[in-house]
Amino acid sequence: MTVAEMTSRQHRRRVRVWFGEHVIAQYVAEPPLAARYEQAMRRRFAGLRVTNDVLGPQQEADN
């Protein structure tokens, strides 16, 4: 893996939609796409919690 790939992977975001303690939707992308997805999910699921977190290097398998 190149340095550019590692840097890119470290800056990816994970957006999740929660129904109580259960994740019902998950999306991993670069920050601009993740922010767009987050806003769409907030509109679609107005009553549910939506999180947008930095995807850490140990979480690579979540793609």
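With which side chain does the side chain of Asn52 make a polar contact? The partner is the side chain of Glu38, at 2.9 Å, where a polar contact is a pair of N or O atoms within 3.5 Å; within protein, one atom must be able to donate a hydrogen and the other to accept it, and residues adjacent in sequence count only if both atoms are side-chain atoms. The model is predicted, with local features requiring pLDDT of at least 70 and side-chain atom pairs pLDDT 80 or more, while totals for chains, interfaces and linings use all residues. Residues are numbered from 1 along each chain as its sequence is written, and side-chain values use heavy atoms, with hydrogens and water left out.

The protein contains 2 helices and 3 strands, arranged from the N terminus as α-β-β-α-β. Helices (H or I, at least four residues) and strands (E, at least two) are DSSP runs, numbered from the N terminus. Of the 63 residues, 25% count as buried, that is, under 20% relative accessible area, against over 50% for exposed and in between for partly exposed (1.4 Å probe, protein chains only). The protein exposes about 4,500 Å², of which carbon and sulfur atoms supply 54%; accessible areas come from the Shrake-Rupley method with a 1.4 Å probe, and for residues only the protein chains shown count as cover.

The strands form an open sheet in the order β2-β1-β3, with antiparallel pairing; two strands pair if DSSP finds at least two bridges between them. The edge strands are β2 (22-29) and β3, each pairing on one side only. From one strand to the next, the twist averages 20 degrees; axes are lines fitted to C-alpha atoms, for helices over the stretch in contact, and angles run from 0 to 180 degrees between N-to-C directions. Strand β1 (residues 13-19) is joined to β2 by 7 bridges and to β3 by 6. In β2, Arg13 has Ala29 as its bridge partner, and Val17 has Ala25; Val17 also stands opposite Val50 in β3. The hairpin of β1 and β2 has 2 residues between the strands, and Gly20 in the turn has a positive phi of about 65 degrees.

Helix α2 lies across β1, β2 and β3, running at about 150 degrees to β2. The largest nonpolar core consists of 6 residues, namely Val15, Val17, Ala25, Ala34, Met41 and Val50. Such a core is a set of buried Ala, Val, Leu, Ile, Met, Phe, Trp, Tyr and Cys residues joined through side-chain atoms within 4.5 Å. In strand β1, 5 of the 7 residues are buried. Beyond four places in sequence, Ala34 is in contact (heavy atoms within 4.5 Å) with Arg13, Val15, Tyr27, Ala29 and Asn52.

With residues up to four places away in sequence left out, Asn52 touches Arg13, Arg14, Val15, Ala34, Ala35 and Glu38, whereas Glu38 touches Val15, Val50 and Asn52.
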